[in-house]
Amino acid sequence: MNEQADPQEASDGTERRWCFAVVLAASLLLAVAQPLMSGLLGEQNSFDLFFSLLIAAVMLLIFDERKHRRTAFWLGFGAFLGTWVSRVLGGFVGWLSLIAAYSLAVCFFVYALYGILRAILTKRASGDAIFGLICGYLLLGIIWSVLYCAVETASPGSFAAAGAKDVNAATEPMDRGVLNYYSFITLATVGYGDVTPTTPLARTLAWTEAITGQFYLAVLVAGLVGLKVSQAMRK
């Protein structure tokens, strides 16, 4: 019986590792490649492209059960559609579509994070869980990055760059690549101070991200290590 179960378990682990690796690659493209490619493709084009790729990767690879996949599909499709509709329509309708797309994207990535953690914590801990933990940590930064984009789109000037002297900067939303950078700096609690939140909502989001990032590392990562140790001791 054990000899028959082990190959199946190895097969499931390989499939899960592949899924997490693809999602991890898509997350890295948005977090790392997007700022680097913004000079070539344009800030808006590069963000929308890698943002859509990440939505597609998560939607297709994370969820196994049909009911979860159906929920993820509608959230992801709404975020994808709203992002590109906002580019076509423009004006007030485009602005409203973009805020709605960001809101749906936040719900989608939170649901994806739930799916990743559920897959890790309900299955036997193995080496492929590391991919899932890294995906989860990057998704935390992306979730808050999208939240910052939604806040800045709804209320331009919620974030300010240090040393900015342009009086018109407060009326134009900050680049999404800069907010993406600020999100991961805050998640890592580095705090260079080159971008600062200026409104109560923006400040609240910033400190909750820092706390959530520390909680993730201290509780979930440490919990997975303890689980692997206990499994090794049972063997």
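Which residues form one aromatic cluster with Trp 74? I looked this up first: Phe 73, Trp 74 and Phe 77 form that cluster.

**Basis.** I worked from a predicted model, in which local features need pLDDT of at least 70 and side-chain atom pairs count only at pLDDT 80 or more, whereas totals for chains, interfaces and linings use all residues. Residues are numbered from 1 along each chain as its sequence is written, and side-chain values use heavy atoms, with hydrogens and water left out.

**Aromatic pairs.** I took rings of Phe, Tyr and Trp (its six-membered ring) as paired if their centres lie within 6.5 Å, with planes under 30 degrees apart counted as stacked, over 60 as edge-to-face and the rest as tilted. The structure holds 11 aromatic pairs. One of them is Phe 80 with Trp 84, a tilted pair at 6.5 Å centre to centre and 50° between the planes. Both residues lie in helix α3, four residues apart, about one turn of the helix. For helices I used DSSP runs of H or I of at least four residues, and for strands runs of E of at least two, numbered from the N terminus. For accessibility I used relative accessible area with a 1.4 Å probe and protein chains only: buried is under 20%, exposed over 50%, and partly exposed in between. Phe 80 is partly exposed at 35%, and Trp 84 is partly exposed at 31%. I also looked up Phe 108 and Phe 109, which form an edge-to-face pair with 5.3 Å between centres and 65° between the planes. Phe 108 is buried at 0%, and Phe 109 is buried at 0%.

**Nonpolar core.** I defined a nonpolar core as a set of buried Ala, Val, Leu, Ile, Met, Phe, Trp, Tyr and Cys residues joined through side-chain atoms within 4.5 Å. The largest one has 59 residues, of which Phe 109 and Phe 159 touch the most other members. Elements giving two or more residues to this core include α1 (2-41), α4 (91-121) and α7 (200-234). Its largest share, 14 residues, comes from α5. I then listed the contacts of Phe 109 (heavy atoms within 4.5 Å). Leaving aside neighbours within four places in sequence, Phe 109 is in contact with Phe 51, Leu 54, Ile 55, Leu 139, Ile 142, Ile 143 and Val 146.

I compared each end-to-end reach with the expected span, which is 1.5 Å times one less than the number of residues. The 26 residues of α5 reach 37 Å from first C-alpha to last, close to the 38 Å expected. In α5, 20 of the 26 residues are buried, so this helix is largely enclosed by the rest of the structure. Helix α6 (residues 176-187) has 12 residues and reaches 16 Å, close to the 16 Å expected. Here 10 of the 12 residues are buried, so α6 is also largely enclosed by the rest of the structure. Among the buried ones are Arg 176, Asn 180 and Tyr 182. Just after α6, I noted that Thr 189 takes a positive phi of about 55°.

**Ser 86.** Ser 86 is in helix α3 and is buried at 12%. Its side chain reaches the backbone oxygen of Thr 83 at 2.6 Å. Beyond four places in sequence, Ser 86 is in contact with Gly 94, Ser 97 and Leu 98.

**Ala 162.** This residue lies in the loop between β1 (159-161) and α6, and Ala 162 is exposed at 56%. Not counting residues up to four places away, Ala 162 touches Gly 193 and Asp 194.

Technical notes. A polar contact is a pair of N or O atoms within 3.5 Å; within protein, one must be able to donate a hydrogen and the other to accept it, and residues adjacent in sequence count only if both atoms are side-chain atoms.
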